[in-house]
Amino acid sequence: MQVPFLSLKDVTNKYKDEIHEAALRVIDSGWYLQGKENERFESDYANYIGTKYCVGCANGLDALVWIFRAYIELGIMKPGDEVIVPANTYIATILAITENGLVPILVEPNINTFQIDDNLIEEKITSKTKAITIVHLYGQCAYTDKIGDLCKKYNLKLIEDNAQAHGCIFNGKKTGSLGDAAGHSFYPGKNLGALGDAGAVTTNDEALEKAIRSLANYGSAKKYVFQYTGRNSRLDEIQAAILDIKLKHLDEDVLLRKEVAKQYIDGIKNPKIILPKITNWDQHVFHIFTVLCEQRDELQKHLESKGVGTNIHYPIPPHKQDCYRMWNRISLPVTEKIHAQELSLPMSPCLTNEQVQYVIKCINQF
Ligand SMILES: *Cc1c(COP(=O)(O)O)cnc(C)c1O
């Protein structure tokens, strides 16, 4: 049997007729940017997340870049200010901070949840700290009341990287509505994926919304009048139309992911494998199903030889990358352990029970 890590073809085929209809509607309309499809998707996505505003943009990295840039333009942050961020995030979160001349302060995650360790944040707060960025990594909620309280106590912005967690819920509220602003990616492999690049910012802050809408459109709110040195970072009409369809099916797809995760958690009995510990099933949408294994590379080869595709999220932590050479000597043991031992199993709303049971069997044989 073959079990791909993720078949985007299957994911798209599930809603093929609706997607074709939407793409053709836009093609035939003769209107391809900044039109009705963007308006509809932004309004539907803001409703879904539970914020007043949603601004579509070109991709998830830009969404995060625009949040920090807008805070700078609004005079709330300035280059040199510090932003707390989990050390084990995907590099985009950190790139968005450094691109704006802000200083990322890396904080270790909790090894059980992979999320930023809220016990380690307060000691990192200085007079230069302006924000805490949380990343709902792998699809699991990173927000805690303690983080919310720290933001209030020290007057910090709370920024969410919701690229991996569309549909995730904390105490009845969606991630992406828990802080001051959130960046979302609709990269094709994400839980809510476009058929190309796309992203968005959600917020309740009107000034931030206006600044980001302008920044992502050359820094212009009025045609040929430029307020900021922005960039072209627009979401196109075809992607917006496709995203609006996939948004309608997001909750059912998240439930299917949870079914796959339950089967893995119930079925994997190999003592060499450490499974994720799920204490609240609302708070995880299983963008990625992670296991830890000391013999991770052997496990990956074993599964590959059985036709099971896997992935590593991520093999090299940001502080060990060449682009951040100044941090290469920092020691972050929890982050480094995750990067050395993490393996991501096949996960998609399109996996069959037979495929999932086959993966479990292959893992238990290892
Ligand atoms: C995918 C991702 C991004 C960036 O999204 P793009 O759309 O690829 O630019 C940012 N942060 C995290 C955590 C991601 O997984």
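## Helix α6

In this predicted model, helix α6 spans residues 145-154 and has four buried residues: Ile 147, Gly 148, Leu 150 and Cys 151. These residues lie on the same side of α6, because they cover an arc of only 160 degrees around the axis. Lys 152 and Lys 153 are exposed on the other side of the helix.

The buried residues of α6 pack against two strands, β4 (129-135) and β5 (157-161). After the helix comes Asn 155, with a positive phi near 55 degrees.

## Strand β4 and its neighbours

Strand β4 is mostly covered, with 6 of its 7 residues buried. Here, buried means under 20% relative accessible area. Besides packing against the buried residues of α6, β4 takes part in pairing with β2 and with β5.

Strand β2 comprises residues 82-86 and runs parallel to β4, the two being joined by 3 bridges. Within this pairing, Glu 82 has Thr 129 of β4 as its bridge partner. The pairing of β4 with β5 is also parallel, and 5 bridges connect these two strands. Ala 131 stands opposite Lys 157 of β5.

## The β-α-β unit

Strand β4, helix α6 and strand β5 together form a β-α-β unit, and this unit is right-handed. Its two strands pair in the parallel sense, and the buried residues of its helix pack against both β4 and β5. The exposed residues Lys 152 and Lys 153 are on the other side of α6.

## The sheet β10-β11-β12

Another part of the model contains an open sheet of 3 strands, ordered β10-β11-β12 and paired in the antiparallel sense. Strands β10 (273-274) and β12 (342-345) are the edge strands, as each of them pairs on one side only.

Strand β11 covers residues 289-293 and is joined to β12 by 4 bridges in the antiparallel sense.

Helix α11, made up of residues 333-341, lies across β11 and β12.

Note on methods
Residues numbered from 1 in each chain as written. Predicted model: local features only at pLDDT ≥ 70, side-chain atom pairs only at ≥ 80, totals over all residues. Heavy atoms only, no water. Buried < 20%, exposed > 50% of the residue type's maximum accessible area, 1.4 Å probe, protein only. Arc of directions from axis to C-beta. Contact = heavy atoms within 4.5 Å. Pairing = 2+ DSSP bridges. Right-handed = clockwise from strand over helix to strand, strands pointing away. Axes fitted to C-alpha atoms, helices over the stretch in contact; angles between N-to-C directions.
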